[in-house]
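Please read them alongside the coordinates.

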Amino acid sequence: MNDPITQANIDSREIFDKIGDQLSAAVVDAIETAIPGKLAEVRLEAAIERLDHLAAKEAGWKGPDSVPMPNTVRDATDTFLRANFSSGWMPSLFIGLDADGDVTIFAKSERISLDLSIGTDQLYSFCADLADGQVASGEDIPVTQPLPDAVMGALR
């Protein structure tokens with residue numbers, strides 16, 4: 001049994017993990033309404049902040065076999081995000097952490113369902129179901145290379 005202060009810290013962290021994405025989405029929506037030209041910049045900053053939050057998790061964060069995010073994965077994900085989404089637009093993305101330390105990125109809209117993973121090898125793999133019924137996918141792609149045009153177009 002944890003002492004009350006330790007338990008309160010654990011409880012606070014769990015609550016933040018559960019509502020952090022919802023709060024970020026609400027803030028982004030408010031900014032989108034107030035300052036449309038800044039949305040992409042705010043979304044990229046929020047994505048990097050989310051990445052840093054996940055990178056701070058310690059071993060055991062999701063159970064006894066879960067590991068923290070390696071710096072190489074954090075840096076590769078930062079590079080991927082900036083390479084793909086720093087041109088003045090950025091979709092709303094969910095960024096998560098797998099128990100093995102890889103980063104997962106999800107996007108879902110009426111035009112696309114994207115599932116992407118970035119690992120310690122600094123490569124990404126993805127699968128995207130597009131609204132026209134097509135499936136786009138790729139494996140072991142350097143994080144400096146952009147997503148295919150069809151995927152980027154569906155994300156817009």
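1. Is Asp78 buried or exposed? Asp78 is buried, with a relative accessible area of 13%, where buried means under 20% relative accessible area, exposed means over 50%, and partly exposed lies in between (1.4 Å probe, protein chains only).

2. On the basis of the notes: this is a predicted model, in which local features need pLDDT of at least 70 and side-chain atom pairs count only at pLDDT 80 or more, whereas totals for chains, interfaces and linings use all residues. Residues are numbered from 1 along each chain as its sequence is written, and side-chain values use heavy atoms, with hydrogens and water left out.

3. On Arg74: this residue is found in helix H3, which covers residues 71-85; helices (H or I, at least four residues) are DSSP runs, numbered from the N terminus. Arg74 counts as buried at 16% relative accessibility. Once its neighbours within four places in sequence are left aside, Arg74 is in contact (heavy atoms within 4.5 Å) with Ile48, Leu51, Asp52, Ala55 and Met69.

4. On the helix pair: H2, residues 39-55, packs with H3 at an angle of about 170 degrees, their axes lying 10 Å apart, where axes are lines fitted to C-alpha atoms over the stretch in contact and angles run from 0 to 180 degrees between N-to-C directions. That makes H2 roughly antiparallel to H3, a term for angles over 145 degrees. The contact is made by Leu44, Ala47, Ile48, Leu51, Asp52 and Ala55 of H2, together with Arg74, Thr77, Asp78, Leu81, Arg82 and Phe85 of H3. These residues divide into 7 nonpolar, 1 polar and 4 charged, with Ala, Val, Leu, Ile, Met, Phe, Trp, Tyr, Cys and Pro counted as nonpolar, Asp, Glu, Lys and Arg as charged, and the others, Gly among them, as polar.

5. Because Arg74 lies in H3 and Asp52 in H2, the pair ties together parts that are 22 residues apart in sequence. Asp52 is partly exposed, with a relative accessible area of 35%.

6. Arg74 and Asp78 are separated by about one helical turn, because they are 4 residues apart in H3. Salt bridges that share partners join Asp52, Arg74, Asp75, Asp78 and Arg82 into one network.

Methods: Helices (H or I, at least four residues) and strands (E, at least two) are DSSP runs, numbered from the N terminus. Angles under 35 degrees count as roughly parallel, over 145 as roughly antiparallel, 65 to 115 as roughly perpendicular and the rest as oblique. A salt bridge is a side-chain nitrogen of Lys or Arg within 4 Å of a carboxyl oxygen of Asp or Glu.
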